[in-house]
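Keep the sequence and the 3D structure in view while reading.

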Amino acid sequence: MHSHHSHSGDYVAHGVDPLDDMILQVEKMKFHTYCLTEHIPRIESKYLYPEEIESFENDTDALKQLEMNFTKFLTHAQRIKDSHKNKYPNIIIGTEIEACNTTHIQYAKQKILEYQDQVKFCVGSVHHINGIPIDFDQDNWYKALLSFPNKNLKKMLISYFESQYEMLQILQPKVVGHFDLFKLFWPDSLRVNIDTGECTESSSENDIIVTPMAYLNIWDDIKQLVIRNLKYINSYGGAIEINTSALRKGLKEPYPSSNIGELVKQYCQGRFVLSDDAHGIAQVGVRYLDALQYITQTLQLDTMYYLIENNENGTVHFEKIPITEFANNEFWTLLRANK
Ligand SMILES: [Zn+2]
Ligand SMILES: [Zn+2]
């Protein structure tokens, strides 16, 4: 089995366990491939999270710490990779891009180039809308919505997919992270005027509850942006991750939801990889049995993909695995036994 996206308590403030302990768990669970993808450091203090600032006297020191953590992470990850030369899992070192804004995306591009000997691929994600983190907490999600005049949900979603497109064009990430992250704190009863896209308290016939499963059917122009992004990912051979962190955070489906998943099948050759986005031991392979069901029953994929690194030249490429082979892997037997 594989995960193409992970963090640890050593290098990210909200991480739980040390990286070495997580790797022990990865070995125990018999992963075939595990990718270590700590974030590219953020470079502007306005994007620091509260827990990153608290132990520092000023923001400059907190930013310096992020830089130092990243180089420390690379050394550590390389050590783990070297120790797995002749045993599973295959360790691939990558990095996740948070894509706060254009400056950060450009900085990430530079950083990846600088560390190209170690960093073999990137997970391209978007975590901010109008500079506000949308996966931090409910308050920030609302703040992002409020940053659009008259709480315009439609404009907020358009902004997200435009940022994603910008990130895709600059970085061409091999793996696209949590494609519809905005659904995490999407309120259950968000009433929206479908003509204007504005959130409203009224209940006239044009005001309906819009959910993360409905917006693509309601607003075709947003659906077209999603299709554009997927076609672009397909053009350079990128893949979409099925990220189970959505399940551990209480959502019904992983990222992306099946409405996007169907479009990936249509416009990106169904090129999916699997990720746990773990931040601690308990999150390694978290909810993978549910992901298996999502893959085989909900999306009914006939192929899964995973990254493989060429030991000769250090490049990475996707390898295909037929779904029967994927679903019959001994990994699942072990997982069911330990449930
Ligand atoms: Zn992320
Ligand atoms: Zn992540």
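## Terms and basis

Two strands pair if DSSP finds at least two bridges between them. Strands (E, at least two residues) and helices (H or I, at least four residues) are DSSP runs, numbered from the N terminus.

This is a predicted model, in which local features need pLDDT of at least 70, side-chain atom pairs count only at pLDDT 80 or more, and totals for chains, interfaces and linings use all residues. Residues are numbered from 1 along each chain as its sequence is written.

## The annotated domain

The UniProt record, an unreviewed entry, lists residues 4-245 as "domain: PHP"; UniProt annotations may be inferred rather than shown by experiment. Over residues 4-245 the chain is 42% helix and 14% strand. The end C-alpha atoms of this stretch are 12 Å apart.

## Strand β3 and its partners

Of the 8 residues in strand β3 (residues 90-97), 7 are buried, where buried means under 20% relative accessible area with a 1.4 Å probe, protein chains only. Strand β2 (residues 33-36) pairs with β3 in the parallel sense over 4 bridges, and Y34 stands opposite I91.

Strand β4 (residues 121-124) also runs parallel to β3, joined by 4 bridges. Here E96 stands opposite V123.

## Helix α8

Helix α8 (residues 220-236) has 17 residues and reaches 25 Å from its first C-alpha to its last. The expected span is 24 Å, taken as 1.5 Å times one less than the number of residues.

Buried residues of α8 include I222, L225, V226, N229 and Y236. After α8 comes G237, with a positive phi near 85°.

Methods
Chains lettered and ligands numbered in written order. Heavy atoms only, no water. Buried < 20%, exposed > 50% of the residue type's maximum accessible area, 1.4 Å probe, protein only.
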